[in-house]
Amino acid sequence: VDGGGGWLNAQTFWSGGIVSDNVVRGACGGLSVRVAGSQLDGLQVLDNSIMDTASGGAGGGLCLYADVDVTALVATGNVAKAGGGGLYISGASPTLTDVVISGNESLPWSRGGGVRVSGSAAQPVFDDFAVDDNVSLGGGGIYLHNGADLTATNGSISGNVAPYAGGLYAIHAAAVSLTNVVVIGNVASGSNGGGVSIESNSGYLDLRNVVVAGNQALSGGGGILCNSSGSILNSVVVGNTTTSATSGGGGLILNVPAAGAFSIQNSIISGNAAQGVSGFGGGMTVALLDVTSVLDVTWVDSWGNSPDDYDGIPLPSASAGNVSVDPGFLDVSGADPEDWDLHLGLSSPLIDAGAGAILDPDGLPSDLGAYGGPGAAGWDLDRDGWFEWWSPGPWGSTSSTMDCDDGDPAVYPGSGC
């Protein structure tokens with residue numbers, strides 16, 4: 001059986017409605033969509049489930065097998081047996097805008113508690129999204145395999161849990177691009193990659209204006225584990241941890257492959273920890289796997305990582321703009337990383353301290369961190385249409401025309417700001 005609540009094998013224009021409480025023995029507990037050009041708007045997919053893996057067992061809530069447009073989707077409380085608790089995408093490149101995929105699971109042995117994407121033809125695009133509080137064996141939030149790629153902007157991957165790769169888990173040459181995304185509070189309870197894990201050496205990781213904060217892994221890469229080439233620009237890796245006795249890379253583990261290259265620029269690596277008694281690389285652990293492997297670290301602040309900022313490489317050169325100073329964030333005092341304010345304070349030494357060729361929206365050299373560079377003014381996590389303020393200091397200190405609270409859509413200039 002495929003599609004307990006519906007099997008759409010003709011072009012469909014769907015508006016509103018709820019698909020809920022269906023149970024199937026097979027795949028797609030809620031709704032299966034199979035024809036390109038279909039449009040789904042305002043759909044809620046709730047509390048659907050799959051009994052077993054007799055016919056695959058993937059896709060507890062919504063299954064997309066074609067290039068479709070999905071807007072204002074809510075998928076929560078769904079259960080799969082073989083991945084994609086909330087959403088399963090197979091061999092397709094849908095566009096998903098304003099979607100919430102939360103509280104789903106794929107257990108006991110499968111991957112992708114929130115989202116599973118499969119197949120080399122699969123290249124979904126997410127915009128204005130939340131993949132939060134999902135559970136699975138691997139990739140608690142999102143799982144990409146068999147060559148699937150992902151492009152995601154303005155969203156969150158937060159609070160997901162799995163024994164391996166708590167937030168996002170990509171294998172088989174996946175290319176992952178995240179822009180204006182927060183990866184916060186995910187947990188890999190039994191292995192590596194608390195926030196993001198890129199396993200294949202032929203994949204690619206591209207992070208621009210991304211916050212990786214408060215994630216945890218047992219054995220390595222509390223924030224990020226990456227075995228491929230990649231680039232991190234104007235991002236923050238802060239407060240991530242590894243916990244086993246010999247763990248490394250509290251913030252990041254980078255294993256740069258032969259003929260591969262990885263660059264980190266205009267970014268902050270701060271307050272991460274490899275907490276074990278023999279922990280190493282509190283900020284970053286690097287392995288250049290071949291003489292042809294290249295790592296380029298420029299205009300990066302590494303500060304306050306424990307037991308050290310770098311392991312496996314010499315300290316990056318100060319002549320390339322690298323520093324080790326207190327970033328001067330507005331507020332990182334709370335126990336919950338969701339409450340941290342990672343805007344730079346007015347006295348931060350990282351204001352206008354980035355690469356001169358990369359400019360902030362005000363035309364000055366980039367600030368370091370997630371609120372610097374061309375993407376600094378691109379944050380709208382609460383999807384209220386008002387972009388969050390990016391300039392240093394509290395809201396209103398330099399501008400009052402942008403959103404003062406990007407976590408509450410009811411608060412914006414003229415309404416609470």
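Modeller: Let's begin with the word "strand": it is a DSSP run of E with at least two residues, numbered from the N terminus. Two strands count as paired if DSSP finds at least two bridges between them. This is a predicted model, where local features need pLDDT of at least 70 and side-chain atom pairs count only at pLDDT 80 or more, while totals for chains, interfaces and linings use all residues. Residues are numbered from 1 along each chain as its sequence is written, and side-chain values use heavy atoms, leaving out hydrogens and water.

Now the sheet. An open sheet is built from 12 strands, in the order β1-β5-β9-β12-β15-β18-β21-β24-β27-β31-β34-β36, with parallel pairing. β1 (6-8) and β36 (310-311) are at the edges with a single partner strand each, so one side of each has no neighbour in the sheet. Zoom in on β21 (residues 168-170) and β24 (residues 196-198): three bridges join these parallel strands, and Leu168 has Val196 in β24 as its bridge partner.

Have a look at another set of strands as well. β10 (residues 69-76) pairs with β13 (residues 95-102) in the parallel sense over seven bridges, and Thr97 in β13 is the bridge partner of Thr71.

On a 1 Å grid over the protein atoms alone, a pocket is an open set of points with protein on both sides within 12 Å along at least five of seven lines, a cavity is a set where a 1.4 Å probe fits but cannot get out, and lining residues have an atom within 4 Å of a point. The largest pocket has a volume of about 580 Å³, where volume is the space filled by probe spheres set on the points. Of its 28 lining residues, the closest to the centre are Glu338, Trp340, Leu381, Asp406 and Gly407. The elements giving two or more residues to this lining are β16, β19 (150-158), β22 (175-184) and β38 (341-344).

β38 is also the top contributor to the lining of the largest cavity, with three residues. That cavity has a volume of about 50 Å³, and of the 14 residues lining it, Leu342, His343, Leu344, Leu368 and Tyr371 are the closest to its centre.

Last stop: the disulfides, pairs of cysteine sulfur atoms within 2.5 Å. A search of the whole structure finds two of them. One joins Cys28 to Cys63, S to S 2.1 Å. Cys28 is in the loop between β4 (23-24) and β5 (31-33), and Cys63 is in strand β9 (residues 62-64), 35 residues apart. Both Cys28 and Cys63 are buried, meaning under 20% relative accessible area, where exposed is over 50% and partly exposed is in between (1.4 Å probe, protein chains only).

The other disulfide is formed by Cys404 and Cys417, with sulfur atoms 2.1 Å apart. The torsion about its S-S bond is about -95°, so the Cys404 and Cys417 disulfide is left-handed. Cys404 is partly exposed at 21% relative accessible area, and Cys417 is partly exposed at 27%.

Key
Helices (H or I, at least four residues) and strands (E, at least two) are DSSP runs, numbered from the N terminus.
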